[in-house]
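Subject: Structure handover

Hello,

Here is the structure I promised to pass on. Please open it before you read the notes below.

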Amino acid sequence: MLRIAVAQFNATVGDLAGNVERIIQCAAEARARGAQVLLTPELALCGYPPEDLLLRPDFYRACDRALAELAGRVGDIALVVGHPLEDADGLRYNAASVIENGRCTVVYRKHRRPNHDVFDECRYFAAGDAPCVVTLGGVRCGINICADIWEAGPYEAAAAAGAELMLLLNASPCHLEKHHDRHRALAERVAASGVAAIYCNLVGGQDELVFDGASFALDASQSMRMRLPQFEEALGIVDFHAGQLRSADLAPALPPEAEAYQALVLGVRDYVGKCGFPGVILGLSGGIDSALTLCVAVDALGAERVRAVMMPSPYTAQMSLDDARDMTRRLAVRYDEIAIAPAMQTYAVLLGPQFAGLEEDATEENIQARIRGNLLMALSNKTGALVLTAGNKSETAVGYCTLYGDMAGGFAVIKDVYKTLVYRLARYRNSLSPVIPDNIIDRPPSAELRPGQVDQDSLPPYEVLDAIVRAYMEEDRSPREIIAAGLPQEAVRRVVRLLRGAEYKRRQAPIGIRITPRAFGKDWRYPVTNRYRDEF
């Protein structure tokens with residue numbers, strides 16, 4: 001029998017010493033639980049994705065030293081470790097090494113280099129072409145890395161070379177319910193080859209990406225024999241005996257709202273923690289977006305590291321003030337109020353001669369947002385706390401946001417969360433404990449920048465808006481196709497025009513957590529200067 005430990009752990013990009021120590025800890029726990037092999041995620045040694053660190057020769061030398069240190073400090077268990085590799089010819093690979101008895105015995109070079117969505121591996125790596133099969137504890141184990149399993153070829157080649165069991169290293173970033181896609185892809189490989197597999201996935205946040213773990217194992221009949229939890233570190237144990245897989249680890253998959261919420265929490269926790277910020281600060285408006293952002297921040301960091309600031313204007317409803325105060329009491333966070341009317345009056349005096357004879361318009365509304373952004377950034381500079389922004393995907397898509405105003409900050413928590421999902425997540429969070437006042441969820445959304453303003457004055461209903469943005473932006477469907485699917489023609493025309501016109505704003509926005517198959521980030525790369533217009 002071969003016992004394999006699956007190390008679903010949270011690596012930090014560039015922290016070679018810290019990642020080595022974490023792998024050593026996992027190895028010690030694995031040995032204590034009787035494992036003969038420890039399987040780690042893709043590029044576990046350096047974290048994923050290292051991006052342009054992979055263009056630096058000194059980075060490869062540092063990784064080589066870290067790998068040698070790891071090999072010298074771990075005995076009595078075989079390690080399968082992901083790392084970048086530069087060979088003697090100067091070619092660079094996404095690799096996995098097998099370490100036994102203090103030395104690297106086998107190296108596998110990843111075959112498939114994903115170059116779509118958030119992936120740029122053709123920029124950094126050459127492609128391997130040889131299968132890798134190594135005997136561990138008497139079992140012939142094949143090795144693949146992440147994208148190798150998403151289409152036929154590398155997996156089947158290892159099976160043809162004699163693999164009885166596949167060990168798969170992965171750094172697969174999540175979007176909602178992606179674990180189903182991974183299961184389907186691996187089930188196809190297992191069915192085609194008849195070879196069981198153990199899939200080890202990274203967990204943790206890295207800039208806009210969140211890795212959800214959810215490592216799993218499929219036997220030769222494609223049945224799930226192990227599944228580790230989502231969004232948390234875990235060490236799973238899988239036994240392989242007489243061609244069969246056995247494990248006591250079978251965590252349930254999360255429902256979509258829980259999955260989305262935990263992704264946001266982990267993304268905030270790791271961005272703030274790995275970047276070394278002492279805490280966060282955010283503007284609280286009494287609206288649903290900032291309320292959800294506040295909940296995520298508190299659940300990620302603890303109330304003591306979160307500060308909320310309400311900045312009322314003459315247009316702020318008393319209900320907004322009451323709800324903001326109520327919510328911060330429920331969450332026990334520091335709460336401050338800074339009225340912006342004096343600053344608005346100062347701007348009116350300064351700009352009065354320049355605006356003489358001109359009617360009030362969005363300019364005055366944007367000044368209010370920019371006053372608030374200025375105040376938050378001043379508090380951030382003074383305290384070192386990171387400003388969290390609260391703009392959602394629906395508003396980001398159509399430019400319903402103010403540059404240097406509500407877009408001012410360092411991390412956009414719900415940037416990839418549609419407004420309709422914001423409401424679902426607020427209700428989900430209240431199902432855990434009632435921290436968001438009902439008024440915030442039930443009242444019509446409003447920026448409160450002029451009397452009686454509501455979002456639907458200038459936007460289609462969010463159900464319609466979100467459906468159009470999803471079809472156009474995530475699915476690349478044409479306006480004609482979207483209209484043919486039954487969405488209102490005038491709304492489609494307007495949303496597509498607004499979406500394309502807001503590109504210059506999005507380029508200046510802070511990064512934010514990705515939870516959909518396509519976000520306004522690494523996987524959305526439209527030119528700002530662009531005269532192409534869709535046909536209707």
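This is a predicted model: local features need pLDDT of at least 70, side-chain atom pairs count only at pLDDT 80 or more; totals for chains, interfaces and linings use all residues.

Residues are numbered from 1 along each chain as its sequence is written, and side-chain values use heavy atoms, with hydrogens and water left out.

**Salt bridges**

Side chains of opposite charge can pair when their charged atoms come close. A salt bridge here is a side-chain nitrogen of Lys or Arg within 4 Å of a carboxyl oxygen of Asp or Glu. The whole structure holds 37 of them.

Take Glu-51 and Lys-522. Their closest N and O atoms are 2.6 Å apart. Helices (H or I, at least four residues) and strands (E, at least two) are DSSP runs, numbered from the N terminus. Lys-522 is buried, at 17% relative accessibility. Glu-51 is partly exposed, at 31%. Buried means under 20% relative accessible area, exposed over 50%, and partly exposed in between (1.4 Å probe, protein chains only).

Asp-120 and Arg-525 form another salt bridge, at 3.3 Å from N to O. Asp-120 is in the loop between β5 (103–109) and α3 (121–124), and Arg-525 is in the segment after α17, so this pair ties together parts 405 residues apart in sequence. Arg-525 is exposed, at 52%.

Asp-476 pairs with Arg-518, at 2.8 Å from N to O. Asp-476 lies in the loop between α14 (462–474) and α15 (479–484), and Arg-518 in the segment after α17; they are 42 residues apart in sequence. Asp-476 is partly exposed, at 48%. Arg-518 is buried, at 15%.

**Backbone**

Which bond joins Tyr-48 and Pro-49? A cis peptide bond, with omega about -5 degrees. Pro-49 is in the loop between β2 and α2.

Ala-214 is not a glycine, yet its phi is positive, near 55 degrees. Ala-214 lies in the loop between β11 (209–212) and β12 (216–218). It is buried, at 7%. Gln-222 also has a positive phi, about 70 degrees. Its loop runs between β12 and β13 (224–227).

Best wishes
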